[in-house]
Amino acid sequence: MYESLSRREVKLIDDSRYRRFAVTVPLVRREDAVKVLFEVRSPDLGRQPGEICLPGGAREKNESAWENALRETSEELVIDRTKVVPIAQMDTLLTMYDNWVDVFLCEIKDYEGTFSRDEVTEIFEVPLDYFFNTQPQEYGFIFRTEPGPDFPFRDIPGGRNYRFRSARRPVYFYYYKRYVIWGMTAYIMRHTAEILRGVSDE
């Protein structure tokens, strides 16, 4: 038994609870600079209407993380999948809301500004150097534990006086021209810029 355990693949505890998503950090080469492409979500969407995001979305059955990212990017930008060229997979983000987000750095070839008007109202570009040279403003979310109405307080030390812990999580904001890039998108961009900055320093 112990020998078979030594060969077991390590996973996250309760990883099946996480809803899987994938996004791309899409780079476009322009004459003046390499830029990151962002979307402004349609105000008609049920989830995060009007917010700024990276191309991406929820995983479909039997998709790999990259297939997920590629499909969503090509659909939202209305481009052929061959124009989405993978560069590297970045680090994965696990959110407080049980979302598992895989992130891929890629280059969009010959992009001409197309996008799906069902999901996106606008696209815009930010020079990649902006994220190298700009520290986002940091604020905080406080997450507090709130037991449900049927929680068995009688079975824990202290009962209803038990001191549940709270957690603080940073929330980042980038301000670029008239655009506010915040939340998960800013979190991903901050971390991706740190990785790329480290690579460029090697």
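In which sense, parallel or antiparallel, do β1 and strand β4 (residues 56-58) pair, and over how many bridges? They pair in the antiparallel sense, over 3 bridges, where two strands count as paired if DSSP finds at least two bridges between them.

Before selecting anything, note that this is a predicted model, in which local features need pLDDT of at least 70 and side-chain atom pairs count only at pLDDT 80 or more, while totals for chains, interfaces and linings use all residues. Residues are numbered from 1 along each chain as its sequence is written, and side-chain values use heavy atoms, with hydrogens and water left out. Helices (H or I, at least four residues) and strands (E, at least two) are DSSP runs numbered from the N terminus.

**First stop: β1**

Select residues 19-29, which make up strand β1. Of its 11 residues, 8 are buried, so the strand is largely enclosed by the rest of the structure; buried means under 20% relative accessible area, with a 1.4 Å probe and protein chains only. On β4, look for G57, the bridge partner of A22. Then show strand β2 (residues 34-41), which pairs with β1 in the antiparallel sense over 3 bridges, and find L27 opposite V36 of β2.

**Second stop: α2**

Select residues 65-77 for helix α2, whose 13 residues reach 18 Å from the first C-alpha to the last, close to the 18 Å expected at 1.5 Å a residue (the expected span being 1.5 Å times one less than the number of residues). The helix is mostly covered, with 10 of its 13 residues buried, among them A65, L70, T73 and L77. What do these buried residues pack against? Their partners are β1, β2, β4, β5 (84-89), β7 and β8 (120-127), contact meaning heavy atoms within 4.5 Å. Just after α2, select V78, which takes a positive phi of about 55 degrees.

Finally, select strand β10 (residues 166-176), which pairs with β11 in the antiparallel sense over 4 bridges, and look for Y175 standing opposite V180 in β11.

Conventions. Buried < 20%, exposed > 50% of the residue type's maximum accessible area, 1.4 Å probe, protein only.
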